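Q: Can we go through this structure together? I'd like quick answers, a topic at a time.

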Amino acid sequence: MPQTVRGVIARAKGAPVTVENIIIPDPGPGEAVVDIQTCGVCHTDLHYREGGINDEFPFLLGHEAAGIVESVGEGVTEVAVGDFVILNWRAVCGDCRACKRGRPWYCFNTHNAKQKMTLEDGTELSPALGIGAFADKTLVAAGQCTKVDPTASPAAVGLLGCGVMAGIGAAINTGNVGRGDTVAVIGCGGVGNAAILGAKLANAGTIIAIDVDPRKLEWARGLGATHTVDASETDAVEAIQALTGGFGADVVIDAVGRPETWKQAFYGRDLAGTVVLVGVPNPEMMLEIPLIDVFGRGGSLKSSWYGDCLPSRDFPMLVDLYQQGRLDLDAFISERIGIEDVEAAFSKMHKGEVLRSVVEL
């Protein structure tokens with residue numbers, strides 16, 4: 001039978017979110033209903049609320065989540081009732097050209113639930129990133145559920161569902177950071193600090209954190225940065241070069257996603273170095289750079305979607321590292337809040353007061 005639960009709804013661009021009753025249908029073929037335990041408050045949810053993703057209001061927000069599989073539909077083999085799972089928005093299809101070439105982390109046809117969750121009046125909801133996890137329960141494609149160690153803390157490992165995975169993956173998967181590499185990270189919010197943690201995990205030698213907020217730089221040092229640069233006082237490119245023997249960093253990760261920070265990343269890297277863009281720009285932003293500089297410096301210019309992760313591969317591995325005490329996911333949890341506190345959490349996030357607010361349901 002369909003269930004009535006609470007969910008956080010964005011009804012109009014820029015309007016405060018509301019907690020409303022929503023209807024969760026029984027799972028159909030290939031679908032699962034997940035009892036949500038925790039969900040991180042991510043910038044992407046704020047982008048949805050502000051109309052920065054699309055205008056398919058009303059949205060059911062939330063996507064960075066962990067919970068227990070309550071029921072599954074016909075043909076589901078990925079997970080079973082009772083499994084502890086992290087939700088993901090890259091449920092690979094297995095059939096597209098990327099999957100068939102052995103690169104499923106680039107899957108071009110990821111799955112979402114076919115059925116729609118609705119408001120009580122029947123209005124169909126658009127779930128954030130196909131998940132919609134600021135809710136007591138949500139309906140997803142079964143492939144969006146990745147089974148992990150059930151003894152792990154939901155509040156911590158659920159963050160792998162988006163921001164933390166994006167940052168760690170930007171360093172390890174996209175940037176291919178290796179032992180002894182020099183790495184600079186521009187922007188030290190949740191994603192940027194996760195990139196710093198990823199660089200540390202990959203045994204980078206020098207890890208430079210760059211931001212204009214001293215509080216964020218302090219967080220970065222706690223997560224593995226060997227040097228910090230306040231870009232409001234010091235030129236970021238000059239600082240990177242000064243800390244790398246005048247050469248620039250092997251890998252520079254732009255976790256802001258603005259033309260000016262991308263240029264800092266481009267000119268702050270060593271010859272043949274790598275730039276990784278993981279911060280999300282808006283559609284109006286334009287980049288102008290001399291083409292001869294692109295040619296003359298060589299190397300790689302990459303963008304990183306979801307840290308180029310494959311959830312079935314990366315989530316269990318990273319949860320194991322967390323359980324071993326080698327990956328400090330708890331450091332990202334600034335506060336634990338209720339479902340009614342999401343709007344206030346957006347304000348704190350926008351002001352840079354928190355790394356992650358985590359909704360506990």
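A short exchange on helices, one arginine, a sheet and some backbone angles follows.

Q: What kind of model is this, and how are residues numbered?
A: This is a predicted model, where local features need pLDDT of at least 70, side-chain atom pairs count only at pLDDT 80 or more, and totals for chains, interfaces and linings use all residues. Residues are numbered from 1 along each chain as its sequence is written, and side-chain values use heavy atoms, with hydrogens and water left out.

Q: Start with H5. What length should helix H5 span?
A: Helix H5 covers residues 190-201, and its 12 residues should span 16 Å at 1.5 Å a residue. The end C-alpha atoms of H5 are 16 Å apart, which agrees. The expected span is 1.5 Å times one less than the number of residues. Helices (H or I, at least four residues) and strands (E, at least two) are DSSP runs, numbered from the N terminus.

Q: How many residues of H5 are buried?
A: Nine of the 12, so H5 is mostly covered. Buried means under 20% relative accessible area, exposed over 50%, partly exposed in between, with a 1.4 Å probe and protein chains only. Among the buried ones are Asn193, Ile196 and Leu197.

Q: What do the buried residues of H5 pack against?
A: Two helices are on the list, H4 (163-174) and H6 (214-222). The strands are E11 (182-186), E12 (206-211), E14 (249-254) and E18 (356-360). Contact means heavy atoms within 4.5 Å.

Q: And just after H5, what does Asn203 do?
A: Asn203 takes a positive phi of about 65 degrees. Asn203 is not a glycine, and is found in the loop between H5 and E12.

Q: Where else is phi positive in a residue other than glycine?
A: At Asn176, with phi near 50 degrees. Asn176 is in the loop between H4 and E11. Most residues other than glycine have a negative phi, and most peptide bonds are trans.

Q: Which peptide bond is cis?
A: The one from Phe57 to Pro58, with omega near 0 degrees. Pro58 lies in the loop between helix H1 (43-49) and strand E4 (59-60).

Q: Switching to Gly268. Buried or exposed?
A: Gly268 counts as buried because its relative accessibility is 0%. Gly268 lies in helix H8, residues 259-268.

Q: What does Gly268 touch beyond its neighbours within four places in sequence?
A: Val237, Ile240, Gly248, Ala249 and Val252.

Q: Next, Arg269. Where is Arg269 found?
A: In strand E15, residues 269-277.

Q: What is the nearest side chain of opposite charge?
A: Asp270, 8.8 Å away. Arg269 is buried yet has no salt bridge, meaning a side-chain nitrogen of Lys or Arg within 4 Å of a carboxyl oxygen of Asp or Glu.

Q: Which backbone oxygens does the Arg269 side chain reach?
A: That of Phe266 at 3.2 Å, and that of Gly298 at 2.8 Å.

Q: Last topic, the open sheet. What is the strand order?
A: The order is E7-E2-E1-E4-E8, with mixed pairing. Strands E7 (118-119) and E8 (126-127) stand at the edges, each with a single partner strand, so one side of each is left without a neighbour in the sheet. Two strands pair if DSSP finds at least two bridges between them.

Q: How do E1 and E2 pair?
A: E1 (residues 3-10) and E2 (residues 18-24) pair in the antiparallel sense over seven bridges. The bridge partner of Val5 in E2 is Ile22.

Definitions and conventions. Lys and Arg count as positive and Asp and Glu as negative; His and the chain ends are not counted. A polar contact is a pair of N or O atoms within 3.5 Å; within protein, one must be able to donate a hydrogen and the other to accept it, and residues adjacent in sequence count only if both atoms are side-chain atoms.
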